[in-house]
Every structure is written in C-alpha cells, then in structure tokens.
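Hello,

Here is the structure for you to look over. My notes follow below it.

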Amino acid sequence: MSNQTKTVRFLQQRKARHGLPGELYSDQDAYRDDLEQIWHKEWIFAAHTFELEKAGHYVTLQIGDYPIAVVRGADGEIRAFHNACRHRGSRVCSEAHGKAAKLVCPYHKWTYDLDGKLLFAGNMGSNFDKQQYGLKPAHCAVVESYIFVCVAETAPDFETFRKAVTPFLAPHSLVDCKVAYEASIVEKGNWKLVFENNRECYHCEGSHPELLNSFVENLSVAGVGGAEEPELAAFWDRCEAKGLPSRLVMAENGQFRMTRIPLAPNAVSYTMDGKPAVSRRLDQSGVENIGALLYFNYPSTWNHFLGDHALSFRVLPMGPDQTLLTTKWLVHKNAEAGVDYDIEHLTRVWKATNDQDRRLVEGTQAGVSSPAYVAGPYSDTAENGPCQFDDWYCDTMRRKLNV
C-alpha cells in the first residue's frame with residue numbers, strides 16, 4: 001500500500017466535527033505526506049528581520065528535510081539558501097544564529113559571498129566553473145519584519161497574506177523591535193497536536209493559572225467567526241478609531257487569521273499582575289488597553305501583540321511525534337533589560353504556559369498513538385478553533401493528494 005493511499009484512507013476516516021484518526025498523528029508514512037504536501041510546499045515562518053541587523057547576520061532552521069540559512073546580504077537584502085555546500089553537502093552555516101563576512105563551508109573551505117555566489121573552491125582544477133556552484137536559493141518573502149521561506153520549486157501565493165496582515169501588524173512598529181528573550185522546547189508530540197492545543201482554551205482553566213490572570217478566550221472569534229458580542233464590537237470600534245485594525249479577518253481557506261481581543265478586566269499585558277512588563281510602548285495609538293492582537297498562519301506560526309511587547313511562536317516538525325516550538329519575546333529596540341523591563345516578569349507567564357502545553361501535548365500523543373484510540377467529537381462551543389484547524393488540514397491534504 002502506497003504512502004498516499006494510507007494517508008487518504010486515514011483522511012477519509014475522519015468524521016465531521018471530530019478529531020483526526022490517531023494514525024495521522026503517529027504513522028511514519030502519514031508524517032512523510034505532511035512534510036511533502038504541506039511543509040515542503042507552504043510558506044514557513046523563519047525569523048524576524050531585526051534578528052539580521054547587519055550584513056552577514058544569519059539564522060538557520062530545519063524545514064522538514066531541508067536545512068535552510070537565511071542571510072542578510074551586503075546590499076541589505078534578506079535571502080534564503082539551502083544550507084548545504086555545493087561540494088560535498090556539509091552545512092555551511094552551523095549555528096542557530098551567527099555573523100560572517102563570507103559563508104565558509106567548514107569541511108573544505110569552499111567560500112560563498114553573502115548573496116550565495118561561490119567565491120573560492122580550492123584544488124578544483126582550471127576547468128572548474130565557479131558560476132555553476134553557488135548556494136541553491138529558496139523562496140524568501142518579508143512582511144512587517146516576518147521572514148517566510150518556501151522550499152518548493154514554485155512557491156504559492158504570498159501577496160494575499162501580505163495584504164491581509166500588514167494593516168494589523170504595521171501599528172505595532174515591529175521594525176523598531178528586538179528579541180528580549182528566546183526559548184525553544186521540544187514537545188514529544190505531532191505538530192498537529194501542538195497547533196490544535198493552541199487553537200482552544202477549553203483546557204485553560206484547569207491548566208494555565210498564570211495565563212488566566214490576563215487572557216480571556218473569546219469564543220465568537222475562536223473558530224470561523226460568529227455573531228459579534230456587543231462588548232467585543234465596542235472594543236473593536238474603540239481600537240479601530242485609533243488606527244488599530246481589530247475585526248476578524250480570515251483567509252478563504254482558513255490558513256491564516258487576524259483579530260484583536262480584550263484581556264481580563266484591569267489587565268493590559270501577559271503578566272502575573274496584568275500590568276505592563278515593559279515601560280516602552282510598541283504602538284502609538286494612545287489607547288491604554290489595546291488587548292491582544294492574535295494572528296496565526298498555518299502550519300508554522302501563531303503570534304500575540306500587546307501594548308508593551310509581542311510574542312512570536314514558530315512550530316517546526318522534527319518527526320511524527322516530535323515538534324520544536326520556539327518562542328520569542330519582542331520589545332522596543334531601545335528598551336533596556338533591568339531598566340525598562342525585567343526578564344523574569346516579562347517571560348514568566350508564557351514560559352509556564354508553554355511547559356504546561358508541552359505536557360498536555362505529550363499526554364495526548366501517548367493516547368492517540370494507542371491502537372484503541374477512536375477520535376471523539378469536538379465541543380460545539382469551546383473547540384471551534386481546533387476543529388477549524390483540522391478542517392484546513394484535511395481539505396489541504398485532500399486537495400494536494402487529488403482526493
């Protein structure tokens with residue numbers, strides 16, 4: 001039985017408004033199809049432009065089978081390359097973050113310019129044509145500091161997302177940000193479980209005491225939308241009057257979504273006391289409490305923007321039952337640690353929340369991997385988010401597998 005035939009069978013077993021069959025979280029062949037049809041074909045969030053401040057700064061990441069390096073060139077342009085030397089395939093950029101005047105392969109010292117051109121290759125003879133052996137490029141797109149990479153031969157449309165997300169992100173002045181803190185954890189669970197968990201707060205009351213000091217899930221915008229609650233509509237009106245787009249916007253196929261939600265009463269940030277974690281504001285709206293702007297773009301990122309700081313989350317698959325989650329706390333570039341913010345105060349809520357979610361995902365992976373597991377129904381009120389994610393996943397896989 002072919003890999004695709006297996007995956008198609010698993011997809012067909014899913015009932016409407018139910019979770020996915022367990023094999024889609026644990027089967028090696030299904031995972032291969034996830035990589036080939038989604039991760040190797042969609043735009044994947046890589047990093048922020050301000051992490052590559054100067055020429056020669058680079059970041060690396062692994063997108064499924066593909067090691068990637070994202071580099072700022074001498075001309076200021078940001079480019080993505082397949083991080084494999086054109087000689088014997090060694091990784092050229094070996095660190096997660098780094099800076100180099102030239103990109104030098106550590107194996108045999110083949111040397112590339114920051115635009116990927118091969119400059120030096122020793123002992124290759126007079127007939128060797130350096131122009132034929134530059135680093136292979138990958139597609140790269142930037143929107144409001146977010147760098148996305150696509151490893152497909154032909155990249156899908158990016159402009160629809162760019163047009164939709166730009167008005168939401170622009171008021172938060174991300175070009176004036178820096179990473180105050182970064183944390184990565186490996187969750188022993190399938191990437192889809194990680195995203196499903198993020199898309200609902202049904203579990204929050206029993207699992208996230210730190211987060212619930214400030215965060216309040218609004219069910220009317222958790223899934224595919226619904227009737228506007230009067231208080232939510234008033235909040236949106238107030239924010240939009242000050243130049244902060246807030247009303248729910250979704251992709252036609254559900255792949256991305258942006259909306260702004262109010263926080264708990266008297267809370268303005270994700271902190272234990274609800275007070276600002278950073279004294280310097282990111283936005284210039286003049287609105288004291290702008291709530292939290294939430295946006296996701298499947299399959300690789302969800303994000304939160306508050307008045308004082310922002311958080312970006314990046315999801316990368318490492319195997320059928322392993323996922324790398326990287327969280328970055330973003331603050332104004334002129335904010336000083338120990339003066340304008342305290343790292344522990346800034347990071348406590350989401351460091352705790354991420355670890356709590358990790359344990360939930362790992363417990364769920366153990367259960368869905370059981371031969372006895374049968375997917376149950378989603379709540380019609382509290383779980384529209386994960387249901388919407390599963391709908392997107394199944395629709396996307398069916399379309400790409402020509403089902």
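**Charge and overall build**

The protein carries 43 positive and 51 negative side chains, and the centres of these two sets are 6 Å apart. Please keep in mind that this is a predicted model.

The secondary structure comprises 9 helices and 17 strands. Along the principal axes, the C-alpha trace spans about 75 × 60 × 35 Å. The radius of gyration is 22 Å, which agrees with the value near 22 Å for a compact globule of 403 residues.

Inside, 55% of the 403 residues count as buried. Contacts across the sequence are also worth a look. Taking contacts with a separation of 6 or more, 66% are between residues 24 or more positions apart.

Ala141 sits in strand β9, which runs over residues 137–143. Is Ala141 buried or exposed? Its relative accessible area is 8%. The cut-off for buried is under 20%, so Ala141 is buried.

Which residues does Ala141 touch, leaving aside neighbours within four places in sequence? The contacts are Trp43, Tyr146, Ile147, Phe148, Phe158 and Arg162.

Ala80 is a further reference point. Ala141 and Ala80 are 61 residues apart in sequence. In space, their C-alpha atoms are 9.2 Å apart.

Best wishes

Key. Residues are numbered from 1 along each chain as its sequence is written. This is a predicted model: local features need pLDDT of at least 70, side-chain atom pairs count only at pLDDT 80 or more; totals for chains, interfaces and linings use all residues. Side-chain values use heavy atoms; hydrogens and water are left out. Helices (H or I, at least four residues) and strands (E, at least two) are DSSP runs, numbered from the N terminus. The radius of gyration is taken over C-alpha atoms; the globule rule is 2.2 Å times the number of residues to the power 0.38. Buried means under 20% relative accessible area, exposed over 50%, partly exposed in between (1.4 Å probe, protein chains only). Contact means heavy atoms within 4.5 Å. Lys and Arg count as positive and Asp and Glu as negative; His and the chain ends are not counted. The place of a charge is taken as NZ of Lys, CZ of Arg, CG of Asp or CD of Glu.
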